[in-house]
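Here's a quick briefing to read alongside the sequence and the 3D view. Have a look at the fold, then go through the points below.

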Amino acid sequence: MTGSPHGSSRCTIVPPYLLVRLARVDDPRLAAAAEAARRSLMRDVPIRELRATAHPSPPSTPRPGARGGVARVRGRLDRAVSDAAGLERLPGRLV
């Protein structure tokens, strides 16, 4: 991200299971990537724990008016989110 007020920071989303896999790589050519994955995991765990305590998971039943388990809210983006359940088979189960 160029022109960022925070220097050369980048905004990316990498699932924790991929970070764990990359952090375990024992290849000198990927040493920098493995170290970056380890640093990301060290930062990620406390944030996820804080988020989980501050915002408990909603009930698994769909809200009234939801079609197919997906609530439609006027004026908001309509997104479908899938859960791969820690596997690499996509798209996974619609949640």
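Ala85 sits in the loop that links strand 1 (82–83) to strand 2 (93–94). Keep in mind that this is a predicted model. Ala85 has a positive phi of about 55°, even though it isn't a glycine.

- Is Ala85 buried or exposed? With a relative accessibility of 58%, Ala85 counts as exposed, since the cut-off for that label is over 50%.
- Asp83 belongs to strand 1 and is partly exposed, at 34% relative accessible area.
- Asp83 and Arg93 are 10 residues apart along the sequence, yet their C-alpha atoms are 5.2 Å apart in space.

**How the helices cross**
- Helix 1 and helix 2 (residues 31–54) have axes that come within 8 Å and cross at roughly 140°.
- That angle makes helix 1 oblique to helix 2, because the roughly antiparallel label takes over 145 degrees.
- As for handedness, the crossing of helix 1 and helix 2 is left-handed.

**A nonpolar patch on the surface**
- Which residues form the nonpolar patch on the surface? Val14, Tyr17 and Leu18 do, with about 220 Å² of accessible area together.
- Val14 is found in the segment before helix 1 (16–23).
- Val14 comes out as partly exposed, its relative accessible area being 38%.

**Salt bridges**
- How many salt bridges does the structure hold? There are 4, and the pairs below are among them.
- As background, side chains of opposite charge can pair when their charged atoms come close.
- Asp27 pairs with Arg29 in a salt bridge, with 2.8 Å between the closest N and O atoms; Arg29 is exposed, at 74% relative accessible area.
- In helix 2, Glu35 and Arg38 are 3 residues apart, so about one helical turn separates them. Their side chains meet in a salt bridge at 3.2 Å, N to O.
- Glu35 also forms a salt bridge with Arg39, where the closest N and O atoms are 4.0 Å apart. Glu35 and Arg39 are 4 residues apart in helix 2, which again means a separation of about one helical turn.

Terms used. Residues numbered from 1 in each chain as written. Predicted model: local features only at pLDDT ≥ 70, side-chain atom pairs only at ≥ 80, totals over all residues. Heavy atoms only, no water. Helix = DSSP H or I, 4+ residues; strand = E, 2+ residues; numbered from the N terminus. Buried < 20%, exposed > 50% of the residue type's maximum accessible area, 1.4 Å probe, protein only. Patch = residues over 30% accessible without salt bridge, like charges linked within 9 Å, V, L, I, M, F, W, Y side chains within 5 Å. Areas by Shrake-Rupley, 256 points an atom, 1.4 Å probe, with all protein chains shown as cover. Axes fitted to C-alpha atoms, helices over the stretch in contact; angles between N-to-C directions. Parallel < 35°, antiparallel > 145°, perpendicular 65-115°, else oblique. Left-handed = near helix turned anticlockwise from the far one by under 90°.
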